[in-house]
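Thanks for coming. I will go through one model, starting with a helix and then moving to a sheet.

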Amino acid sequence: MTTTVLICLDSPHEFWRFGQRHAERLRAAFPGVVFLAVKGRDAPRHLTAADAYFGWTFHTDWIKAAPRLRWVATPSAGVDHFPVDELRAAGIGLTRGYGYHARPVTEHALGLLLGFSRGLFLSHRLQGRAPWWKDQIAEVFFDLYGQTLTIVGCGEIGTHLAAAAQLLGMHVIGVRRSPPHDSPSGTGIEWVPSTRTYEALARSRVVVDLLPATDETRRFFDAPAFDACRPGTVFLNLGRASTVDHDALLAALDSGHLGAAALDVPPVKPPPPDDPLRRHPRVVLTPKSAVFSHRYMDEAVDFFHDNLQLHLADQPLNGIVIPLPDGDRHVR
């Protein structure tokens with residue numbers, strides 16, 4: 001039976017859109033596989049013939065329309081927007097992408113760090129209403145060199161960010177539920193288990209939240225967590241909005257305990273016009289743009305290409321969230 005892969009990766013942004021060159025690359029590499037790229041609204045009616053699906057999202061009610069489906073792949077790093085339990089119950093495997101998110105997220109984090117530490121955001125606010133604002137910048141700037149950066153949820157993206165921060169002379173603490181037993185040579189990361197998160201927060205000038213969205217991480221950064229931060233801490237959330245209690249965050253900012261915050265994932269998208277996060281003088285919001293990269297889809301398709309090759313060779317896949325049932329590793 002011919003293997004059919006349904007691709008649903010349309011986007012208003014070219015760098016997130018599956019295009020003709022991507023289709024040609026896959027068809028040249030897998031001449032025996034049928035690749036069908038469709039718009040999201042058309043996906044359900046094409047699922048009846050699909051053995052694999054590669055897309056941004058997958059709806060629960062699509063499962064019953066896909067009798068042959070054995071593998072769902074997404075280029076996203078997170079799968080909290082996928083019906084994981086329902087796919088598992090249906091015996092459908094799920095993989096996520098990784099590796100190509102780290103560079104743009106690191107660049108984004110560094111931009112925010114420099115914006116706060118060099119007073120760039122404040123300078124931009126003052127340039128249109130202050131005759132000269134040198135003294136104000138002198139009061140708020142800080143050196144990154146010699147400071148401690150703690151990354152909570154320090155996985156592949158965090159390790160990449162740690163390397164860049166170390167080039168600026170920062171000491172990096174990586175917080176993970178289960179720190180690696182043998183830290184890769186030369187990383188220089190001080191690994192800390194999540195049970196000691198508050199100790200790490202108390203030592204840090206900058207805290208970066210890269211936690212995934214799970215039941216365990218919901219509102220992980222709450223009032224006690226922000227209280228544990230040292231005064232003046234800069235907090236960046238480049239993970240998931242659900243990991244932060246935003247009322248507690250605003251209270252910590254209003255009290256002056258937190259020095260500043262940047263959120264790439266506000267609790268409501270888009271934030272309402274009267275959202276206090278929009279108006280706060282020490283908050284920078286970005287519209288979930290940390291993973292913007294003009295190489296994104298090229299690298300995501302490369303990742304899927306390699307996984308499909310592994311899969312057809314009966315080898316374990318990368319980025320497994322739900323493994324395929326035993327004895328059914330191949331896309332049929």
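The buried residues of helix H12 are Tyr 296, Met 297, Glu 299, Ala 300, Val 301, Phe 303, Phe 304, His 305, Asn 307, Leu 308 and His 311. Buried means under 20% relative accessible area, with exposed over 50% and partly exposed in between, using a 1.4 Å probe and protein chains only. Helices (H or I, at least four residues) and strands (E, at least two) are DSSP runs, numbered from the N terminus.

Two notes on the source. This is a predicted model, where local features need pLDDT of at least 70, side-chain atom pairs count only at pLDDT 80 or more, and totals for chains, interfaces and linings use all residues. Residues are numbered from 1 along each chain as its sequence is written, and side-chain values use heavy atoms, with hydrogens and water left out.

Back to H12. Its buried residues pack against strands E1 (3-8), E2 (33-37), E3 (52-55), E4 (71-73) and E5 (93-95), and against helix H1 (20-29); contact means heavy atoms within 4.5 Å. Just after H12, Asp 314 has a positive phi of about 60 degrees.

Now the sheet. Its 7 strands form an open sheet with parallel pairing, in the order E8-E7-E6-E9-E10-E11-E12. Strands E8 (190-193) and E12 (283-285) are the edges, each pairing on one side only; two strands pair if DSSP finds at least two bridges between them.

Strand E11 (residues 258-263) runs parallel to E12, joined to E12 by 3 bridges. In this pair, Leu 263 stands opposite Leu 285 of E12.
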